[in-house]
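Q: I am new to this structure. Could you take me through how to read its features?

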Amino acid sequence: MKHFRAGCNSIRFLRRLTSTESTLSILTPFTQTNPFSCTVQAAISKRTMATAMAKRLEGKTIVITGASSGIGRSTAKEFARTAPKDLKLILTARRVDSLNQLAQEIEEEVGDGVKTLVVKLDVSNPEEVKNFVPSLPVEFQEIDVLVNNAGLVKGVAKAPEIAPEDIDVMFSTNVTGLINMTQAVLPVFQKRSDGGRGDIINIGSIAGREPYPSGSIYCATKAAVKSFTEALRKELIASRIRIIEIDPGQVETEFSVVRFYGDKHKADAVYAGCEPLTPDDIAEVIVFAAGRRENVVIADTLIFPSHQASPGHMHRSN
Ligand SMILES: NC(=O)c1ccc[n+]([C@@H]2O[C@H](COP(=O)([O-])OP(=O)(O)OC[C@H]3O[C@@H](n4cnc5c(N)ncnc54)[C@H](OP(=O)(O)O)[C@@H]3O)[C@@H](O)[C@H]2O)c1
């Protein structure tokens, strides 16, 4: 009787859990010793059935730009974990070694239900973007989701001291790159019924909503992303193409290392006394947005860590 109660409690506990992985690791010792383990096993198999989100994502082909690091890398893993049985992931960035490493980690973690394709792609190069879709293997050409994540910030200079090459790289990556990728993939979506279907998920930033000093160009690029995203959603209103924007606040990635031209010491100082978001926090929101029912559009989200209320409004413990 005592065991049975323990079993019921565990089943109730199980129902509260969302992660199959944590369910299994908690219950394996219990099921080995408990006579009512078959009841628990039944509960486990319930939890291991695909969630509604996993079912919606199954069979999809997803392109992620900037998958070699940070938010893009986490997003690839989160998609793979959410729909591990049947998914195709096209992992793109300039650093192919990091992408190959990511593809290997995904295979080790979820097995061969997730097919990965690594593509070296510099989104700031219009020719490379133009050739991207036509050069995909046929089985990867039916793209369902584009995550326009590749982006960067360079420097903290103020006008008139901003280096022209920094202005160019931020605009050609964050704005022109994102627009060119969108234009490259949209025709794939528009061939489908109902005016087309598919998801464009643009990674904007709090910087696109509230510009701050020493970040004027980056802020301008993210404001451009917001304008483009909102206009696009209106242009495609008669279709089933969902236009989604995700705006993170402070996330600890390689972002600040890139801003300070590789100076890790300066990058670390950005997060001193704060608890920034992790790239996984943003990845979960991206996958959630892609995993909604077709008629649900998570048009816009702003995600802060709890210490942040604007780019400059930050509580620090030191
Ligand atoms: N971290 C934050 O606090 C924060 C806040 C708001 C928004 N965001 C946005 O989130 C997105 C991801 O940034 P992150 O924080 O994850 O930074 P990250 O760790 O530096 O990752 C940036 C990714 O973009 C890729 N990338 C840069 N230039 C590229 C190019 N020309 N072509 C293709 N890929 C390129 C990088 O890959 P390669 O170098 O291998 O090409 C890398 O994979 C960016 O759009 C950023 O603006 C970040």
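A: Start with a loop: Gln-141 lies in the one between α7 (126–132) and β4. Helices (H or I, at least four residues) and strands (E, at least two) are DSSP runs, numbered from the N terminus. This is a predicted model, in which local features need pLDDT of at least 70, side-chain atom pairs count only at pLDDT 80 or more, and totals for chains, interfaces and linings use all residues. Residues are numbered from 1 along each chain as its sequence is written.

Q: Why does Gln-141 count as partly exposed?
A: A residue is buried if 20 or more other C-beta atoms lie within 10 Å of its own, exposed if 12 or fewer, and partly exposed in between, with C-beta atoms placed from the backbone. Gln-141 has 13 C-beta neighbours inside 10 Å, so it counts as partly exposed.

Q: Which residues does Gln-141 touch, not counting residues up to four places away in sequence?
A: Two residues are in contact if their C-beta atoms, placed from the backbone, lie within 7 Å. With that exclusion, Gln-141 touches Val-133 and Leu-136. Thr-61 is 80 residues from Gln-141 along the chain, and their C-alpha atoms are separated by 8.0 Å.

Q: Thr-61 is in β1; which way do the residues of β1 point?
A: Thr-61 and Val-63 point one way, Ile-62 and Ile-64 the other, and all are buried.

Q: In what order do the strands form the sheet?
A: Strands of a sheet pair through backbone hydrogen bonds, either parallel or antiparallel. Two strands count as paired if DSSP finds at least two bridges between them. Here 7 strands form an open sheet, ordered β3-β2-β1-β4-β5-β6-β7, with parallel pairing. At the edges are β3 (114–120) and β7 (300–303), each of which pairs on one side only. From one strand to the next, the twist averages 15°.

Q: How many bridges join β1 to β2?
A: There are 4, and the two strands run parallel; the bridge partner of Thr-61 in β2 is Lys-88. Strand β1 (residues 61–64) also pairs with β4 (residues 145–148) in the parallel sense, over 3 bridges. In β4, Val-147 is the bridge partner of Ile-64.

Q: Which strands does α5 lie across?
A: Axes are lines fitted to C-alpha atoms, for helices over the stretch in contact, and angles run from 0 to 180 degrees between N-to-C directions. α5 lies across β1, β2 (87–93), β3, β4 and β5 (197–203), running at about 170° to β2. Helix α9 (residues 216–235) lies across β5 and β6 (240–248), at about 160° to β6.

Q: Is α5 enclosed or exposed?
A: Of its 13 residues, 12 are buried, so α5 is largely enclosed by the rest of the structure. The buried residues include Gly-70, Arg-73, Lys-77 and Thr-82.

Q: Which residues are closest to the ligand?
A: A residue is near a molecule or strand if its C-beta atom, placed from the backbone, lies within 6 Å of it. The ligand is surrounded by 30 residues, and the closest are Gly-66, Gly-70, Arg-94, Arg-95 and Gly-151. The largest share of the shell, 3 residues, comes from α5.

Q: Where is Arg-316 found?
A: Arg-316 is in the segment after β7. It has 10 C-beta neighbours inside 10 Å and therefore counts as exposed. Leaving aside neighbours within four places in sequence, Arg-316 is in contact with Ala-272, Gly-273 and Cys-274.
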